[in-house]
Amino acid sequence: MTSIQVRDLTAHYIVERYGEKKEIYALEKVSFSLNTNDFLAIVGESGCGKSTLAKVLYGEINNQLVILGGEVNYQFDDVVYTVNTSVNEVKKVWWEKLSYIPQASLSVLNPLRRIRDIFSDMLFSHGKVYEENSIVKHLDDLGLPSHILNMYPFELSGGMRQRVVIALATFMNPGVIIADEPTSALDVVTQNEILQLLKRIHRETDSTFIFITHDISLIPNLANKLMIMYGGTLVEIGETDTVFASPRHPYTKFLISSIPRIGDDTEKQSIPGYPPDLSNPPSGCRFHPRCPFSERKCEEKMPPLELVDGNHYVACWKPLKEQ
């Protein structure tokens with residue numbers, strides 16, 4: 001059994017430039033929960049906090065990324081691992097119980113090591129023996145030929161490198177897999193192949209998936225839960241079909257209406273205005289400067305995440321009517 005509980009998670013970047021410290025308000029009071037075999041998609045514009053959330057969930061905390069409040073709790077069977085302001089226990093279970101698929105495959109594959117050696121290094125670091133037969137079978141299941149074990153990362157195509165990263169992330173059957181923009185910079189055909197591969201891995205295992213993307217059109221028929229982020233905050237979360245059928249936050253409505261549809265020749269309009277500067281975010285609801293329904297209350301106070309129906313939550317002082 002696997003579960004994830006994220007409670008009031010707040011994390012900021014503290015960067016120093018020219019002798020002055022600058023604070024980036026990357027995540028503010030993010031809360032959600034997941035259970036075994038859930039597939040959560042996190043969607044939002046660039047700079048909304050998606051990748052920062054992925055780093056915190058994975059426990060990739062450093063001197064610049066600081067947790068200021070809240071916590072993340074992973075439960076794997078009867079054991080709980082916590083990430084908060086004072087502890088970071090999930091590093092103990094990287095690869096075995098919690099894996100991460102980044103968007104830049106070349107950045108995580110050592111260019112001076114053959115693929116065989118990268119697998120060997122990972123297994124050795126966990127006290128496990130390199131068994132080529134099991135690795136070859138795993139690669140074959142993911143559509144990769146065995147001869148790539150003798151190759152260096154730069155000798156592989158972008159799609160094959162991404163499959164290798166997925167193979168590394170799934171080899172030890174982790175309970176949770178976080179995929180951060182795993183299809184970015186790939187052509188449409190390869191992108192679809194990677195999505196179908198992730199979908200198959202999820203279907204054939206009990207892993208809980210967290211899939212991060214800026215492209216909401218990828219989500220139908222992929223994830224069973226959908227989270228929308230804006231300006232470092234969670235603005236809407238619920239079952240994917242429910243959110244698509246009846247978005248309750250204006251930002252979600254804009255995102256869904258931007259998806260091209262066959263036979264629909266109406267002109268698509270972009271969201272007015274610009275994403276917020278997270279070094280100096282707006283007061284109240286961070287979407288209010290761009291929201292057509294904004295009123296004084298929206299400018300003064302950040303709305304809480306509240307249940308609107310079923311398992312559908314929205315953070316908005318004036319949620320859209322159910323459709």
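Author: Gladly. A cavity is a set of grid points where a 1.4 Å probe fits but cannot get out. Rolling a probe the size of a water molecule over the atoms shows where empty space is left. Please keep in mind that this is a predicted model.

Reader: How many cavities of 30 Å³ or more does a search of the whole structure find?

Author: The search finds one. About 90 Å³ of space lies in the largest cavity. Its lining is made up of 13 residues, and C285, C291, C298, C316 and W317 are the closest to the centre.

Reader: Let's turn to sheets. What is the order of the strands in the open sheet of four?

Author: Two strands count as paired if there are at least two bridges between them. Here the order is β2-β1-β4-β5, and the pairing is antiparallel. At the edges are β2 (20-35) and β5 (79-83), each of which pairs on one side only. From one strand to the next, the twist averages 15 degrees.

Reader: Over how many bridges do β1 and β4 pair?

Author: Strand β1 (residues 2-17) and strand β4 (residues 65-76) are joined over 10 bridges, in the antiparallel sense. To find your place in that pairing, look for V6, which stands opposite V72 in β4.

Reader: Which helix lies across β1, β2, β4 and β5?

Author: That is helix α1 (residues 50-58), which runs at about 60 degrees to β4.

Reader: Now the cores. Which residues have the most contacts inside the largest nonpolar core?

Author: A core of this kind joins buried nonpolar residues through side-chain atoms within 4.5 Å. The largest one has 55 residues, and those with the most contacts inside it are F119, F211, I216, I219 and L226. Helix α4 (residues 158-170) gives this core its largest share, six residues. There is also a second, separate core of 38 residues, with V30, F32, L34 and V90 among them.

Reader: Leaving aside neighbours within four places in sequence, what is I216 in contact with?

Author: With that exclusion, I216 touches V43, L226, I228, F244, L255, I256 and I259.

Definitions and conventions:
Residues are numbered from 1 along each chain as its sequence is written. This is a predicted model: local features need pLDDT of at least 70, side-chain atom pairs count only at pLDDT 80 or more; totals for chains, interfaces and linings use all residues. Side-chain values use heavy atoms; hydrogens and water are left out. Helices (H or I, at least four residues) and strands (E, at least two) are DSSP runs, numbered from the N terminus. Axes are lines fitted to C-alpha atoms, for helices over the stretch in contact, and angles run from 0 to 180 degrees between N-to-C directions. Contact means heavy atoms within 4.5 Å. Buried means under 20% relative accessible area, exposed over 50%, partly exposed in between (1.4 Å probe, protein chains only). On a 1 Å grid over the protein atoms alone, a cavity is a set of points where a 1.4 Å probe fits but cannot get out, and a pocket is an open set with protein on both sides within 12 Å along at least five of seven lines; lining residues have an atom within 4 Å of a point. Grid points are joined across faces, edges and corners, and a volume is the space filled by probe spheres set on the points.
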